[in-house]
Amino acid sequence: MTILATVVVGLAALLHGYIFLMESLWWRRPAIWRRFGLRDQQTAETVAPMAYNQGFYNLFLGVGAAVGLVLFLTGSETAGRTLVLFTTASMVLAAVVLLTTGRRFLPAALTQGTLPAIGFVLFLLV
């Protein structure tokens, strides 16, 4: 169970790292901003500062989950578990907030929140 929990949380951390790359570093690429439902470059430019900031939130959550895993696996089980549970819960809650902005965001919310939700539950069980 520990291996599965670790793998799922690790994947959630990597996913949030990828979201950081899209929102903060690759945002001005049409293929990226179109994935977020924007229709033109001008709108993407207007939203770019917010996307940049939001990307860093995702990065920090991913790094927090990764650090929690390292702590958990290297003997600081309580600190590691606490950090993993906090970051995965934050990821899930961010997905819930995204969903409250409209039903069209359901696929994105599921992508953003499913791995962290599973990881959270698994870490409660180990």
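Modeller: Let us begin with burial: a residue is buried under 20% relative accessible area, exposed over 50% and partly exposed in between, with a 1.4 Å probe and protein chains only. Please keep in mind that this is a predicted model, where local features need pLDDT of at least 70, side-chain atom pairs count only at pLDDT 80 or more, and totals for chains, interfaces and linings use all residues. Residues are numbered from 1 along each chain as its sequence is written, and side-chain values use heavy atoms, with hydrogens and water left out.

Biologist: Is Leu69 buried or exposed?

Modeller: Leu69 has 9% relative accessibility, so it counts as buried. Leu69 sits in helix α3; helices are DSSP runs of H or I with at least four residues, numbered from the N terminus.

Biologist: Which residues is Leu69 in contact with, leaving aside its neighbours within four places in sequence?

Modeller: Contact means heavy atoms within 4.5 Å. With those neighbours set aside, Leu69 touches Thr6, Val9, Gly10, Val84 and Phe123. Leu69 and Val7 are 62 residues apart in sequence, yet their C-alpha atoms are 9.5 Å apart in space.

Biologist: How do I read a nonpolar core?

Modeller: In soluble globular proteins, nonpolar side chains tend to be buried together. A nonpolar core is a set of buried Ala, Val, Leu, Ile, Met, Phe, Trp, Tyr and Cys residues joined through side-chain atoms within 4.5 Å. The largest one here has 14 residues, of which Val9, Ala65, Leu69, Val84, Met91 and Phe123 touch the most other members. At least two residues each come from α1 (2-25), α3 (41-73), α4 (77-100) and α5 (106-125). The largest share, five residues, belongs to α1. Another core lies apart from it, with 10 residues that include Ile19, Met22, Ala44 and Ala51.

Biologist: How do α3 and α4 cross?

Modeller: Axes are lines fitted to C-alpha atoms, for helices over the stretch in contact, and angles run from 0 to 180 degrees between N-to-C directions. The axes of α3 and α4 come within 7 Å and cross at roughly 155°. Angles over 145 degrees count as roughly antiparallel, so α3 and α4 are roughly antiparallel to each other. Residues making this contact include Ala65 and Leu69 of α3 and Val84 and Met91 of α4.

Biologist: At what angle do α1 and α3 pack?

Modeller: α1 and α3 pack at about 155°, with their axes 7 Å apart. They are therefore roughly antiparallel to each other.

Terms used:
Angles under 35 degrees count as roughly parallel, over 145 as roughly antiparallel, 65 to 115 as roughly perpendicular and the rest as oblique.
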